[in-house]
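Please read this note with the sequence and the structure open. The points below go through strands, helices and a few single residues.

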Amino acid sequence: LIAGSGALPRLIAEDRSLRGLGTFVIRYAGVDAPWADGLSHADLPYERPGALFDALRQAGAASICFAGAMRRPWLNPLRFDRKAFALLAKVPPLLLKRDDAMLRGFAALLEAEGFRIVAAHEQLAGLLAPEGVLGAVRPAASDRADAALAAEAAAELGRQDLGQAAVASGGRVIAREGREGTDAMLASLAPTTNARRGVLHKAPTPGQDWRLDLPAIGPQTLRRAAAAGLAGVSIEADGVLVLGLSETVEAADAEGLFLWARPRAAGEDAA
């Protein structure tokens, strides 16, 4: 388990432990994952891929799962190991690519070493929300129209590999996700009236490798959407990770927001 920050890698590790399955955690420098202290793990710098491959093989790992948020690393050539120098023609160019292309490139490097890449939602059941309204609040017709508009904007962002989410309100797109992520986008919005209005939509990047970086929401997403004055959150059904479905639905209900797992409309790009 190559662990990033956030709840997802911890949830996967805990679930595997309950099922009697072993998990070896790779925790890179700068990743906030204190829960891994109690598990078999290795703390590594990004500049030592040779140490990564050695640690995985010594642990008997055959498959690798990426889970959680990671920042694009800055590499210090003074810390490179022999494997890093051997990969010198491949790794630095990957860091110049956009997120999806970069992750695909790193996955290819791991596969070339004989490891199989597995998706987070294959490791933890119930992560992908089925189609339908998931809470007590239902989206109005105007909300559904805003969700469709935000979905179009998110798809265009995805085609450019720039983001996976957008916000529409009153028939226009008012925010698009950037490199800073969904939370920063929501924080940039200020409620303009006392009435809730607008929809956050999240969806996978069109053509995305679902093993690597599916978008995710959780209870905090709903709370931040409420703080931004939105009416609700829509996600692509069976295409977005929901970290703690019952807790996320509870947060939506408590904030008076709808949570809608929206089917992909005809003509929209499939992931």
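Which residues are exposed on the other side of H10? The answer is in point 2.

1. **Basis.** This is a predicted model: local features need pLDDT of at least 70, side-chain atom pairs count only at pLDDT 80 or more, and totals for chains, interfaces and linings use all residues. Residues are numbered from 1 along each chain as its sequence is written, and side-chain values use heavy atoms, with hydrogens and water left out. Helices (H or I, at least four residues) and strands (E, at least two) are DSSP runs, numbered from the N terminus.

2. Helix H10 covers residues 245-255. Its buried residues are Thr-248, Val-249, Ala-251 and Ala-252. Buried means under 20% relative accessible area, exposed over 50%, and partly exposed in between, with a 1.4 Å probe and protein chains only. The arc is that of the directions from the helix axis to the C-beta atoms. Glu-250 and Ala-254 are exposed on the other side of H10. As background, an α-helix has 3.6 residues a turn, so residues three or four places apart point the same way.

3. **What covers H10.** The cover over the buried residues of H10 includes strand S10 (216-217), helix H9 (219-227), strand S12 (241-242) and S13. Contact here means heavy atoms within 4.5 Å. After H10 comes Gly-256, with a positive phi near 75 degrees.

4. **H9 against H10.** The axes of H9 and H10 are 7 Å apart, and the two helices pack at an angle of about 20 degrees. Axes are lines fitted to C-alpha atoms, for helices over the stretch in contact, and angles run from 0 to 180 degrees between N-to-C directions. H9 and H10 are therefore roughly parallel to each other. Angles under 35 degrees count as roughly parallel, over 145 as roughly antiparallel, 65 to 115 as roughly perpendicular and the rest as oblique. The crossing is right-handed, meaning that the near helix is turned clockwise from the far one by less than a right angle. From H9, Pro-219, Leu-222, Arg-223 and Ala-226 take part. They meet Glu-247, Thr-248, Ala-251, Ala-252 and Glu-255 in H10.

5. **Helix H1.** Which residues of H1 are buried? In this helix (residues 8-18) they are Leu-8, Pro-9, Ile-12, Ala-13 and Arg-16. They cover an arc of only 135 degrees around the axis, so they sit on the same side of H1. They pack against strand S1 (2-3), strand S4 (63-67), helix H6 (120-123) and S12. Gly-20 follows H1, and its phi is positive, near 75 degrees.

6. **The six-stranded sheet.** Six strands form an open sheet in the order S6-S13-S11-S9-S7-S8, with mixed pairing. Strand S6 (132-133) and strand S8 (172-176) stand at the edges with a single partner strand each, so one side of each has no neighbour in the sheet. Two strands pair if DSSP finds at least two bridges between them. Strands S9 (residues 199-202) and S11 (residues 232-236) run parallel and are joined by four bridges. His-201 has Ser-234 as its bridge partner in S11. Helix H7 (residues 141-159) lies across S6, S7, S8, S9, S11 and S13, at about 145 degrees to S7.

7. **Strands S2 and S3.** S2 (residues 25-28) pairs with S3 in the parallel sense, over four bridges. Tyr-28 stands opposite Leu-44 in S3. S3 (residues 41-44) has a covered face with Ala-42 and Leu-44, and an uncovered one with His-41 and Asp-43. Asp-43 is partly exposed, with a relative accessible area of 47%.

8. **Two residues to check by eye.** Asp-161 is not a glycine, yet its phi is positive, about 55 degrees. It lies in the loop between H7 and S7. At 15% relative accessibility, Asp-161 counts as buried. Asp-238 is not a glycine either, and has a positive phi of about 60 degrees. Asp-238 is in the loop between S11 and S12. Its relative accessible area is 41%, so Asp-238 is partly exposed.

9. Leu-103 is in helix H5 (residues 99-112). Leu-103 and Asp-209 are 106 residues apart along the chain, and their C-alpha atoms are separated by 8.8 Å. Leaving out residues up to four places away in sequence, Leu-103 touches Leu-212 and Asp-213.
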